Amino acid sequence: MTQSLESFKTINLSGICLLAVAIYVVSFIIYRLYFHPLCGIPGPRLAAITSWYETYYDLFKTPSGQYWNKIDELHKEYGPIIRINPDEIQIHDPEFYNQIYAGGSTKRHRYARSVSGNGSPGSMASAVSHDLHRLRRSSLNPFFSRAAVLRLEERIQSRVRILCERLSSFLQRGEIVDMSVAMTSLTLDIITEYSFGESWNLMDNDDLSYNFIKVMRGGFETLQVRKLFNSAIQLVPPSILAWSSLNMKVFLEFKYRCFETCRLIKIAHNDTKANSTTRQTQINLFTEALDRLPEEEIETQRLADEALVLITAGSETTSRALATLIYHVLRNPHILANLRQELDTAIPNANMEVPYLTLEALPYLTATIRESLRVSALVPNRSLLTADEPLQYKQWSLKPGTAFCMNTSKYLLDASIYSNPTMFDPERWLGDTRRTQKLLHHFAPFSKGHRGCIGMNLAYAELYLVSAYIIRRFDMRLYDVIRERDVDTVRDAFIGLPSIESKGVRVEMIRKRN
Ligand code: HEM
């Protein structure tokens, strides 16, 4: 009798607990659907209820990182504004982009969740508050201005010289070059030299450090997991994380390398200050930043976070744009012929080096570079921001603090702006100047406003110098490259990645040109 009373009590208690959980969950769902500040915004009900909707597309679908494509489908169903998550909205309207990614006197804060897994909480890109972002960015801005990049030109030219020597060796050995690896090798050598005063010299290896780059890219594969389980990951000791997966190990080693480099830069900087006879041989932006920032901002881990973002954002992006350009130019003989005609006139002798400013003035090369930045759709990441002021989009009023975004990659492929948007067509940028002006008004591969790309000028210099010299100097042929498999962005891993099966943009070097 006592026993059955006890079990009755236990069952009753579990029942009450279950009922309480059920009431909580139902009330929560009702709140999110009918009383939440974003409840009037169109979109799937499941996305309004839980962010597991996003997680399904970004983590559990194969391949991962698919929510940006799913959102695009949702726009077709629900219109230009959608609630993509319980607390987030996306607007797709070319006329509204400048209000989202605003500059000038407006303030734009980063929505914390959107950068939670990028592994660099101390970087400017992760700074939530507008003012902290401004402080961090102002210490680096002068190094990425157009004038600064023009001063840097000889360093870029010398790296491109090395790249061309390496390509010549591939030609002599009759080996296939993976241009996507070659370009990352180059861009990493440039950004590490510029940031730390000492390049990683990846191009020094005959194979352009193929294995290192392949492995390093594994770090990107961890993004979706880091984004979802960021808080839990912080609690796990690095040794266990490294053991959990090779990609995670690579990512942690990469972080450690940045930390060590920043630690040594700080030591060297302190020595220089203490002993005025010790001069640093090479100026680098981290040393310079040490003198520009308050004490709390030059803590080694914070600098290492900044370095990690600069190196990842400053290498794989430009590299993918270049590999995409090479693919499309070699795939389309008429584009190659037009480009060659222009380049052969501007660079009459293939071994000649011409100033970046000369190349920048070439219309067909410029059109080709724009097209490659456009179709490569390099940053599919949802760059979520919040504003201090209310935003009005059509009949929808967005309160201050609402997380909103527009997808930059989809903006570059918008059929209302570009006819046949996935077609690589430099001609669309040429001829009718009114049409070109309209296209330029909407052209935002580097995003815009306060949070737009800091490395835009550097990226352009690399794009012009590399593509001009390679196409002017070498005859090449694509080697088993399939656009859908090897070239196009199909996954979101902060930066856009091609398919997991991608074999790279492989090219046969045929001969040197005169
Ligand atoms: C073709 C090349 C590149 C493209 C298309 C590109 C594109 C972008 C875009 C769209 C953003 C905004 C991301 C967001 O709002 O979440 C961004 C941010 C950023 N980019 Fe680039 N980028 C390129 C090259 C570079 C280079 C060479 C660097 C080297 C310094 C760089 C460093 C950064 C950094 C540090 C940020 C964060 C800026 C901030 O938070 O203020 N990028 N980039």
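This is a predicted model: local features need pLDDT of at least 70, side-chain atom pairs count only at pLDDT 80 or more; totals for chains, interfaces and linings use all residues.

Guide: Residues are numbered from 1 along each chain as its sequence is written, and side-chain values use heavy atoms, with hydrogens and water left out.

Visitor: Which donor from the protein does the iron atom of the ligand have?

Guide: Donors are N, O and S atoms within 2.8 Å of the metal (3.2 Å for Na, K and Ca); water is not among the atoms, so sites may look incomplete. Here the single protein donor to the iron is Cys 453 (SG), 2.3 Å away. Cys 453 sits in the loop between α22 (433-442) and α23 (456-473); helices (H or I, at least four residues) are DSSP runs numbered from the N terminus.

Visitor: Which residues come nearest to the ligand?

Guide: A residue is near a molecule if one of its heavy atoms lies within 4 Å of it. Of the 27 residues around the ligand, the nearest are Ala 125, His 133, Arg 137, Ser 383 and Cys 453.

Visitor: What polar side-chain atom lies 2.7 Å from an oxygen atom of the ligand?

Guide: A polar contact is a pair of N or O atoms within 3.5 Å. Arg 137 places such a side-chain atom 2.7 Å from a ligand oxygen, and Ser 383 also has one at 2.7 Å from a ligand oxygen.

Visitor: What does the UniProt annotation cover?

Guide: The unreviewed UniProt entry annotates residues 12-34 as "transmembrane region"; such annotations may be inferred rather than shown by experiment. In the model, residues 12-34 are 100% helix and 0% strand, with the end C-alpha atoms 32 Å apart.

Technical notes: A polar contact is a pair of N or O atoms within 3.5 Å; within protein, one must be able to donate a hydrogen and the other to accept it, and residues adjacent in sequence count only if both atoms are side-chain atoms. Helices (H or I, at least four residues) and strands (E, at least two) are DSSP runs, numbered from the N terminus.
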